[in-house]
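Welcome! Take a moment to look over the sequence and the model, and then we can walk through a few of their features together.

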Amino acid sequence: MTLQVAPPAVGTEQDRRTGTQLQSRWLVVAEQECRDLWTSGRGLILVFLFSVLLSGVTYLTSTNQALNFLEQRESVNLVLQFAVAVGVLATLVVSADGISGERERGTLETLLVTPVSRRSIIGGKLIAALSLWIATFLVSIPYVWVLARGVGILGRALALGFFVGTLVAVGLGSIGLLISAACNSNKTSITASIFLLLILFAPTQLPSGLPQGWFFDVLLRANPVASGLAYISSILVEGHSWPQDLALLITPLLTALIAGGALMFAGPRLVRLTRGVNAG
Amino acid sequence: MIGLLVGVLTWLPAPAVAAEPLSVKVIVEPVHLETVLGGRFMITTEITNTGAAPSGEILAHLNVASIEGSVYVDPEDWSPNRSQQLSLEPGERQKLSWEIQAVNAGHFAAYVVVVPFGSNVAGNEALMISPLVDVDVASRSTLTAGGALPVVVMVPLLLGLAAAGVFFGARRRGSDR
Amino acid sequence: MTSTTVEAVRLTKHYGGRSAVEGVSFSASQGEIVGLLGPNGAGKTTTIRLLTTVLEPTSGEFSIAGHSSTSATEIRRCVGVLPESSGYPSHQAGGEYLRFYARLYGLSRSQARSLSAELLAAVGLEDRGQSRISTYSRGMRQRLGIARALINDPVVVFLDEPTLGLDPAGQAQVLDIIRSIAKARDATVVLSTHLLPEVEEVCSKVVILNHGRVLVSGSVGEVIKTALIEQSAQLRVPLDLVERARNVLAGFPDLRIEQAAEQPEVLILAVDRPGTDSAHGEVMNEVLAAITAAGIPVLRFELEGARLSDAFLKMTSEAVA
């Protein structure tokens, strides 16, 4: 067998070797990662299972004859909380697999020898991970529509859910990729990321009857997930105005900015063939 | 019921002297409105200082009570910002507005109570209460199983079909020889 | 005039206190196929990773196609790499995989599509472009990896153990492709392997590494000569004709004849006087002609010490000692 393929004739000799297209490489990476996620069926299975969960919640809510107006608002809040929880979890798990998974599967080296910058690789993987959050949010829209239209909070609920969820997803997705780049083992990366998420979600599940002093307040406000969800609740359930509890958005916003910034600046240095003492 | 509420609100430990009424006049509008469950409406109150001296810091506070007596009302659910502070010169009047959402169905009364506030409290002032706003909230069905069923069934069905299509399509591609 | 496409000067890589590569220097020219040999752990893969900018050297310099080691992005544009035990995304189709890499190198969608189809055809996978890589055999994956290494029409192609785990037919296919890469594309091929017959078959130059250092480099013949291995031959004749063969061989005064210990029908022949390879080869030719002329059937005649494997074993065992 002999190789008779002529090199791609795309212009000058220089072009022949580098290609003439200046399309952003992170878009190419993002597109392929999204295709891997969605055409392999993994993403679709996740959103399918999520829709089954929401269908159960919505059906039980709609058949509850005793449901009053306020409880219906709370059910809208609940659906959005599910959407943020599932979307962020999926984003985090995919991010946590982003670099350490490629290392374990032996596919990272071939990516590193291309002229694509490490930053583009990371950026593309983050975008692909965020597609899971976007998908879970889109799936939740019809359920929010059904539950919210009767109580007049549809637009507010969707805008809030998308804005807060995106902030949290960007922040935690970035953290997941940083963990992944820093871990040699994919198992360690995913475990650490899920554990982090559990810690962040735990305060949101504490019974409301517990005494809530300054410590709980600090715990809430320092936690991007808890404070983001609290902001959604304050507007949808308690009927507060947009600016009233804006301070609750500080942590999700800072997390997104700091984690995202750290990922873009420090991440490239972490994207190497191996991590650890013998890292090269 | 209203009389009882007013009595409770104006009760004070028996002072040594009779309570001094606040020198304000409170007008509220509309006096009657009808809405449906979930409907939003505004109540506007005009408070006038009828005295010869400045009113000092006063607080106008909105309350909602059920006239029928069978519905539990948490005014916090109806309007999150129910207190507004103001201070009036003699003869001055000021309009205040409250945005309210009817979260219960039934027959209710909304009213505004004006009380001295902060350092202005001397301890022997009577409260001024606005006339009642008669609020009739009609019940409506905001969520039914029939209305939710299309979404509950179709969304997972479509997603499941898509997932199955992708899964079996990939298997067929993989088994191509 | 062929240009130097690979130049490594005292490349060194340390991991903590351990030296993986120490002072490695060698060069390669356009169109050359260089065999990078060494036992396991010799530093072959580390050397390739240094030259392809996957790892940073602790010290030393190198250049690829005129680009110095400080221009990592430019080097990556010029090289194609098939790493050892390279993984593949199992759920992607072969064609999809090549199109992705083509687009990473800056090709448009249509360019990527047509190049991918051409490369798949060139490596014999044109019928399997739509199939998932998970259904590919090991040989097919290696060919796909070679195709990917050629996506950017590289100046230098690094192939790390490309025939690992392949059956003889698969190995032959891959070696054919390697020859074509150098010939048709005029690319330099750096081939890391410990299958010495394939190095002898395709490589014009050899670099032998051991414990991270270069033991010897040069053409195959030069390396064998450097090893100073005595050349000999094994002659196998029918057992009842061994004595007759001995009598025929007695006519060669410079020929030393020994009988193999456990195989009395095998005679080990060595030329006792110093001489060049070709001189020794001529004597062996005469020996063979004399045996044949005497009507003695030659069941096996094999030269030893003239093989790269002999030189390799000798040099690496000396290095251990």
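## Strands side by side

Two strands count as paired if DSSP finds at least two bridges between them. In this predicted model, strand β8 (residues 106-116) of chain B pairs with β11(B) in the antiparallel sense, over five bridges. Here B:G106 has B:V137 of β11(B) as its bridge partner.

Strand β11(B) also has a parallel neighbour: five bridges join it to strand β3 (residues 32-36) of chain B. Opposite B:D134 in β11(B) you will find B:H32.

## Two faces of one strand

Now follow β11 of chain B along residues 133-138, where the side chains alternate. B:V133, B:V135 and B:V137 point to one face and are buried.

Moving to chain A, helix α11 (residues 224-236) has 13 residues. From its first C-alpha to its last it reaches 18 Å, close to the 18 Å expected at 1.5 Å a residue.

How many of the 13 residues of α11(A) are buried? Twelve are, so the helix is mostly covered. Among them are A:P224, A:L229, A:Y231 and A:L236. The cover includes α4 (69-98), α8 (154-182) and α12 (250-270) of chain A.

## Where the chains meet

Finally, 24 residues of chain B are in contact with 30 residues of chain A. On the chain B side, helix α3 (residues 145-174) gives the most, with 14 residues. That side of chain B divides into 16 nonpolar residues, seven polar and one charged.

Terms used
Residues numbered from 1 in each chain as written. Chains lettered and ligands numbered in written order. Predicted model: local features only at pLDDT ≥ 70, side-chain atom pairs only at ≥ 80, totals over all residues. Buried ≥ 20, exposed ≤ 12 C-beta atoms within 10 Å, placed from the backbone. Helix = DSSP H or I, 4+ residues; strand = E, 2+ residues; numbered from the N terminus. Expected span 1.5 Å × (residues − 1). Contact = placed C-beta atoms within 7 Å. Nonpolar A, V, L, I, M, F, W, Y, C, P; charged D, E, K, R; others polar.
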